[in-house]
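Biologist: Can you walk me through this structure? I'd like the overall picture, then some single residues.

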Amino acid sequence: MLSGSDLSGPHTNSSLFLREEKMEALPDATAFATKVQNTLIQYHSIDDDKWRVAKKTKDVTIWRKPSEEFNGYLFKAQGVIDDNVNSVIDHILPGPCRLDWDSLMTSMDILKQFEENCCVLRYTTAGQLWNIVSPREFVDLSYTVAYEEGLLSCGVSLDWGEKKPEFVRGYNHPCGWFCVPLKDNAKQSLLTGYIQTDLRGMLPQSAVDTAMASTLINFFGDLRKALQKA
């Protein structure tokens, strides 16, 4: 059920990416995925002084800056993970493993597989902040590629497929995770994420900002626990 403060509303923000991208308009999924990849690499080169700390714990820092894609924030999250790159990315990639440990996700289905490293998936998320942010549904293109001595797993939402009436359809603008080995210890990885999610619905911006920062902190905690068990 949608909470009273979270009803679907019009979406008037412009985007550098096509917000109404249809699957039929993706004859070359790899080319589209490469565009997303290049956008993430641009985010990764943004000067440090452009970011403002949004939340910090002893082992994770969350920054934010105004997004160029929509009327919200681009969040940056970074922390050191006590495991190698391949293991970290294997846990982040779409699939049953991710669903097992990610406490925010409630379901996931691969809708179309283009290549081993490129697919379209539908997933749903749990309500947040005592359900002020009600459950969401997303349909994303996911793409994983080598980056320097590590990996980049990136994606972007597609307005495609039938929408489930019990969920608000959210939209992920270009987002992703860079994972590279630490220079002095290859058994540890530096994980850096860039997330800019339009939760849609009539939500107070302060609630969205709080939810995003807390979600990213929890993501690192859930991931670390899963890797310790692996």
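Modeller: Let's take the whole chain, then its parts.

Biologist: What kind of model is this, and what is the average pLDDT of the chain?

Modeller: This is a predicted model. The chain averages a pLDDT of 85. A score of at least 70 is reached by 87% of the residues.

Biologist: Where is the pLDDT below 50?

Modeller: Over residues 1–24. That stretch still has 64 contacts in the model, beyond near neighbours in sequence.

Biologist: How many helices and strands does the chain have?

Modeller: There are 4 helices and 12 strands.

Biologist: And how much of the chain is buried?

Modeller: Of the 230 residues, 53% count as buried. The chain exposes about 11,500 Å². Carbon and sulfur atoms supply 52% of that area.

Biologist: What share of the contacts comes from residues 24 or more positions apart?

Modeller: They account for 61% of the contacts with a separation of 6 or more.

Biologist: Let's go inside. Which residues touch the most other members of the largest nonpolar core?

Modeller: Val88, Trp177, Leu191, Phe219, Phe220 and Leu223. This core has 35 residues. Elements that give two or more residues to this core include strand 3 (73–81), helix 2 (85–92) and strand 10 (175–182). Strand 11 (185–195) and helix 4 (205–229) are also among them.

Biologist: Which element gives the largest share?

Modeller: Helix 4, with 10 residues.

Biologist: Take Leu191. What is Leu191 in contact with?

Modeller: Leave aside its neighbours within four places in sequence. Then its contacts include Ala77, Ile81, Val88, Ile92, Trp177, Phe219, Phe220 and Leu223. Cys179 is another of its contacts. Cys179 is itself buried, with a relative accessible area of 0%.

Biologist: How many residues are in the other core, the one that lies apart?

Modeller: That core has 24 residues, among them Leu40, Val120, Leu141 and Cys154.

Biologist: Where is Val120, and is it buried or exposed?

Modeller: Val120 is in strand 5. At 0% relative accessibility, Val120 counts as buried. The C-alpha atoms of Val120 and Tyr143 are separated by 9.0 Å. Along the chain, those two are 23 residues apart.

Biologist: What about Cys154? How far away is the nearest cysteine sulfur?

Modeller: The nearest is that of Cys175, 8.1 Å away. Cys154 is in no disulfide. The structure holds 0 disulfides. Cys154 counts as buried, at 3% relative accessibility.

Biologist: Remind me, what is a disulfide?

Modeller: It is a covalent bond between the sulfur atoms of two cysteines.

Biologist: Back to helix 2. Why is it described as largely enclosed by the rest of the structure?

Modeller: Because 6 of its 8 residues are buried. They are Val85, Ser87, Val88, Ile89, His91 and Ile92.

Biologist: Which residue caps the N-terminal end of helix 2?

Modeller: Asn84. A side-chain oxygen of Asn84 lies 3.2 Å from the backbone nitrogen of Asn86.

Biologist: Now helix 4. Is Asp209 buried or exposed?

Modeller: Asp209 lies in helix 4. It counts as buried, at 14% relative accessibility. Under 20% counts as buried. Asp209 touches Arg64, Tyr73 and Phe75, not counting residues up to four places away in sequence.

Biologist: Switching to loops. Where is Ser134?

Modeller: Ser134 lies in the loop between strand 5 and strand 6 (136–147). Ser134 is buried, with a relative accessible area of 1%.

Biologist: What does its side chain make a polar contact with?

Modeller: The side chain of Arg136, at 2.9 Å. Ser134 and Leu203 are 69 residues apart along the chain, and their C-alpha atoms are separated by 9.9 Å.

Biologist: Which residues does Thr125 touch?

Modeller: Its contacts include Leu104, Pro135, Arg136, Phe138 and Phe167, not counting residues up to four places away in sequence. Thr125 is found in strand 5. Thr125 counts as buried, at 7% relative accessibility.

Biologist: Last one, Glu148. What is its phi?

Modeller: Glu148 has a positive phi of about 50°, although it is not a glycine. Most residues other than glycine have a negative phi. Glu148 lies in the loop between strand 6 and strand 7 (150–157). Glu148 is exposed, with a relative accessible area of 65%.

Note on methods
Residues are numbered from 1 along each chain as its sequence is written. This is a predicted model: local features need pLDDT of at least 70, side-chain atom pairs count only at pLDDT 80 or more; totals for chains, interfaces and linings use all residues. Side-chain values use heavy atoms; hydrogens and water are left out. Buried means under 20% relative accessible area, exposed over 50%, partly exposed in between (1.4 Å probe, protein chains only). Contact means heavy atoms within 4.5 Å. Accessible areas come from the Shrake-Rupley method with a 1.4 Å probe; for residues, only the protein chains shown count as cover. A nonpolar core is a set of buried Ala, Val, Leu, Ile, Met, Phe, Trp, Tyr and Cys residues joined through side-chain atoms within 4.5 Å. A polar contact is a pair of N or O atoms within 3.5 Å; within protein, one must be able to donate a hydrogen and the other to accept it, and residues adjacent in sequence count only if both atoms are side-chain atoms. A disulfide is a pair of cysteine sulfur atoms within 2.5 Å. pLDDT is the predictor's confidence in each residue, from 0 to 100.
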